Each structure stands twice: as C-alpha cells, then as structure tokens.
Amino acid sequence: MAATSRDDLDTYLAASRRLVDDALGSAVPGPGTPPPVLHEAMRHTLLLPGKRLRGILVLAACEACKGDPAAALPLACAAEMVHAASLILDDLPSMDNATLRRGKPALHRVVGEANAILAAVALLGAAFETARRAEALKERARGEAVSCLALAVGSEGMTAGQVLDLEASGRRLDLEALESMYAGKTAALFVAAARLGGIAAGAKARDLEALERYARSLGLAFQITDDLLDYSGNPATTGKDGGLDRERTTFVNLLGIDGARRLVDERIDGAIAALKPLGRRSARLAAFAAHVRDRER
Ligand code: IPE
Ligand code: IPE
Ligand code: MG
Ligand code: MG
Ligand code: MG
C-alpha cells in the first residue's frame, strides 16, 4: 500500500474541506428564503466550521474506487447534511441538553427548540434531494445513494443508536451493548459515507463490502475518540461542551483511558486491514483512519 505522509494528508483534508464547504453553501436555500427563520437555522449548524470528515470520507472512498471525486461532491454534501441534522437533534434538551456546538450556541438556544427540530427535518429532506440530483451520476447510482442515506438515518441505523443511547441513561451497559449503540448512532453514517463514495465510483460489490468493513471499524474508533475528547478534550478546541458523558456508560468509563485508547488502536488497525482488497489505491483511506486515531478535535 503506497504511504501517504501526514503532511500530504493535512493538505488533502484542507483542500477537501474547502470543496465541501463551498458546495454546502449553495446546496441549501439562501438565508433570506422564506421562511427566513428556517433557512437561517438550517444554515447555522450546517455551515459552522465542522471537520467535514463524513463528506471527505465520501470523496476519499470514491477516489479509492477509481471514481471522480467531483462526481461524488453532492453525495458528500448529503452526508454532511444528515450529520448536521443529527447534531441539532442530539443537542436538544430532551437528548444531550448541550449548550455549545461547533464553537457557537447549540441551535435550539438560537432559534428555540421547535425551530431547531424543524431545521433538522428540513436538512434531512435537503440531503435526500441533493443526493437524488447528483447530476454526474447515473440514475441507478442516484437511487442507490438515496437508499443508502435513508438506511443510515433509519430505525436500524442512527435513530436506533440514539434510542439506545437515551435508554441507557442511568444504566450501566456492557461492552457489547455499548458497541451496538455506537454502531447505530455513529458508525452507520461513516458506513453510508464510505459506500456513497463507492456508489459514485460504480464500485464492485467486493469493494463496497471492503469499504463497509473499513467504515464500521473507523466509525466505532471515531466515537471512542469522541468519548476521550469529552473526558479530557478542551471545549475551546472541540467547539462543544466537555464532561457531558461523565455519568453515562462510555468506553472511557468502562475501560479507562488506556483501555479506550487500546481499543481505538485495535479498531483503526482493523479498519486499515479491511482495505486490503482495494490495494494501493486505498492509501489515503488508511491515512484518514490514522488521522481519526490521533485527532484532538
Ligand atoms: C460529532 O461529530 C458527533 C459524533 C458522532 C461524535 P464530529 O466530531 O465529526 O463533529 P463536526 O462535524 O466536526 O462538528
Ligand atoms: C452523537 O454522539 C452521535 C450523533 C449522531 C450526533 P455524542 O452525543 O457523543 O456526540 P457529541 O459529542 O454531542 O458531538
Ligand atoms: Mg448524544
Ligand atoms: Mg451529544
Ligand atoms: Mg460526544
């Protein structure tokens, strides 16, 4: 597998983030569009500086399957819209009751709870429509993309994970239960993002399966690093509240910091190993996984 240096990856992440940011700005109606409160609310969370890791994963997976990342850009935007919707809902008083998101007040603190919920729903609608309209893709690939996103959002994906998360409040979970919660609330969208890239490239079933195995391990590792950052990260760097998970079951609370770190290493190694069928073309995805392991925000 060809190596991608840390500098190469940083340059790639910055360039890809810019591409996704520019495309997102015009993928949803402008701020004055009636009703202004709704469009401003959608744009608020969506356009604040997120890391865009799911969007970048779409582009990198497409490239790893010999596709044209420009053709996958609408799918990258769609993945980021679903992600932004999930953040808005996750922050609500009835869920994590967060105050800060992407360095600014959480959306419900800006536009009220009802408008925040409606903005999240509207972002999901915009995500499906953006994927369906991906003009460089064949009709069949667009259909697969919409259905891939719908599965990720649905009752066996992210929403299931959030329900398990809410049900776990005040209870101690075992490793297996925690892992299945994370598979839903976080890894489902990583899996969808990787598959979207493959779909845009017209990848074979074997390659899509490799991408899926990669993203499942990567998504789990990502959520464990998120738990580590909740425990010891700096809100000035992460842009969100710290310590919200202190009373809940997380991998940090179950395994301790060193144990959680070891599990991250294991999952990242597993993610990289899953790339084998893609050969040298997957070097960037391997570097992306190492970046998730080492991230500080
Ligand atoms: C936060 O995701 C939600 C989790 C699944 C932990 P990110 O840490 O990727 O958030 P942004 O997109 O950079 O704001
Ligand atoms: C969230 O997990 C998963 C989502 C899909 C939003 P967290 O609740 O740990 O995410 P953060 O820490 O608020 O970003
Ligand atoms: Mg949460
Ligand atoms: Mg949260
Ligand atoms: Mg968290």
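Colleague: Which residues does Val146 touch, not counting residues up to four places away in sequence?

Modeller: In this predicted model, Val146 touches Phe128, Ala131 and Arg132 when residues up to four places away in sequence are not counted. Contact here means heavy atoms within 4.5 Å. Residues are numbered from 1 along each chain as its sequence is written, chains are lettered from A and ligands numbered from 1 in the order in which they are written. Local features need pLDDT of at least 70, side-chain atom pairs count only at pLDDT 80 or more, totals for chains, interfaces and linings use all residues, and side-chain values use heavy atoms, with hydrogens and water left out.

Colleague: Where is Val146 found?

Modeller: Val146 is in helix 7. Helices (H or I, at least four residues) and strands (E, at least two) are DSSP runs, numbered from the N terminus.

Colleague: How is Val146 classed by its relative accessible area?

Modeller: Val146 is partly exposed, at a relative accessible area of 22%. Buried means under 20% relative accessible area, exposed over 50%, and partly exposed in between, with a 1.4 Å probe and protein chains only.

Colleague: And Asp207, buried or exposed?

Modeller: Asp207, a residue of helix 10, is buried, with a relative accessible area of 4%. Leaving aside neighbours within four places in sequence, Asp207 is in contact with Cys65, Pro277, Leu278 and Arg281.

Colleague: Turning to helix 8, which of its residues are buried?

Modeller: Helix 8 spans residues 158–167, and its buried residues are Met158, Gly161, Gln162 and Asp165. Seen down the axis of helix 8, these fall within an arc of 100°, so they line one face of the helix. The arc is that of the directions from the helix axis to the C-beta atoms.

Colleague: What covers the buried residues of helix 8?

Modeller: The cover includes helix 4 (69–91), helix 7 (139–153) and helix 9 (175–201).

Colleague: Now the ligands. Which residues are around ligand 1?

Modeller: The residues around ligand 1 are Gly50, Lys51, Arg54, His83, Leu87, Arg102, Thr186, Phe222, Gln223, Asp226 and Lys240. A residue is near a molecule or strand if one of its heavy atoms lies within 4 Å of it. By class, this shell divides into 2 nonpolar, 4 polar and 5 charged residues. Ala, Val, Leu, Ile, Met, Phe, Trp, Tyr, Cys and Pro count as nonpolar, Asp, Glu, Lys and Arg as charged, and the others, Gly among them, as polar.

Colleague: How many residues does helix 10 give to that shell around ligand 1?

Modeller: Helix 10 gives 3 residues, the largest share of the shell around ligand 1.

Colleague: What distance separates Arg102 from an oxygen atom of ligand 1?

Modeller: A polar side-chain atom of Arg102 lies 2.7 Å from an oxygen atom of ligand 1. For His83, a polar side-chain atom is 2.8 Å from an oxygen atom of the ligand.

Colleague: And which residues surround ligand 2?

Modeller: Ligand 2 is surrounded by Ser86, Asp90, Asp96, Arg101, Gln162, Lys185, Gln223, Asp226 and Lys240. The class count for this shell is no nonpolar, 3 polar and 6 charged residues. Helix 4 and helix 10 each supply at least two residues of the shell around ligand 2.

Colleague: What distance is given for Arg101 and an oxygen atom of ligand 2?

Modeller: A polar side-chain atom of Arg101 lies 2.8 Å from an oxygen atom of ligand 2. In the side chain of Gln223, an N or O atom is 3.2 Å from an oxygen atom of ligand 2.

Conventions:
A polar contact is a pair of N or O atoms within 3.5 Å; within protein, one must be able to donate a hydrogen and the other to accept it, and residues adjacent in sequence count only if both atoms are side-chain atoms.
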